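Here's a chat about how some labels get attached to a structure. Have a look at the model first, then follow the questions.

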Amino acid sequence: MKRLLLLFPLFLGANEDFISHDEYGEMLYNNPRGVSCAECHGKNGESKVIVSFKDDKGMHVIKGSDIRNNSYDSVLASVNTYHAIMPRYYLTKKEVKAIYDYLQKNRYK
Ligand code: HEC
């Protein structure tokens, strides 16, 4: 029993790696700070229509861009700057790396 108690802190530490890097990236892509990238960029970053509407100038379609071929640096820059439509996220480099790797892994799906 004493030995088990000594091992207990190790189990706690192991929890940190309970989800894999891929799962972490997928989770972040789908719910970073509460606003999903997928809502505007599609399930795997392939782009998605956010809204379309018609006015006196005709039909307008607002889309999230295809981000499957964006570099890590451009994803990092995009999520941490202000845009007209896209929110600013304040994600860490580690979080952006996980999202970037998720996009790389799934871009041919
Ligand atoms: C509310 C919709 C919306 C959400 C949510 C959103 N984006 Fe965007 N994103 C856009 C739009 C629209 C653009 C293109 C125009 C602009 O910069 O506003 C864009 C541009 C980008 C670009 C630059 C693409 C290029 O043209 O080079 C990247 C990279 C990107 N988004 C990544 C992300 C990631 C990663 C997330 C989640 C952390 C995210 N976006 C969440 C709408 C969104």
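Q: What makes a residue nonpolar, charged or polar here?
A: Ala, Val, Leu, Ile, Met, Phe, Trp, Tyr, Cys and Pro count as nonpolar, Asp, Glu, Lys and Arg as charged, and the others, Gly among them, as polar. By those classes, the lining of the largest pocket has 13 nonpolar, 7 polar and 1 charged residues. This is a predicted model, where local features need pLDDT of at least 70 and side-chain atom pairs pLDDT 80 or more, while totals for chains, interfaces and linings use all residues. Residues are numbered from 1 along each chain, and side-chain values use heavy atoms, leaving out hydrogens and water.

Q: Why is the arrangement around the iron atom of the ligand called octahedral?
A: Six donors (N, O and S atoms within 2.8 Å of the metal, or 3.2 Å for Na, K and Ca) count as octahedral if opposite donors are over 155 degrees apart and all others between 65 and 115. Here the 6 donor atoms subtend angles of 85 to 178°, so the arrangement is octahedral. Among the donors are His41 (NE2) and Met86 (SD), at 2.0 to 2.2 Å.

Q: How do you know whether His41 is buried or exposed?
A: Buried means under 20% relative accessible area, exposed over 50%, and partly exposed in between (1.4 Å probe, protein chains only). His41 has 11% relative accessibility, so His41 counts as buried.

Q: And what is Met86 called?
A: Met86 has a relative accessible area of 22%, so Met86 is partly exposed.

Notes:
Tetrahedral: all angles 85-135°; square planar, octahedral: opposite > 155°, others 65-115°.
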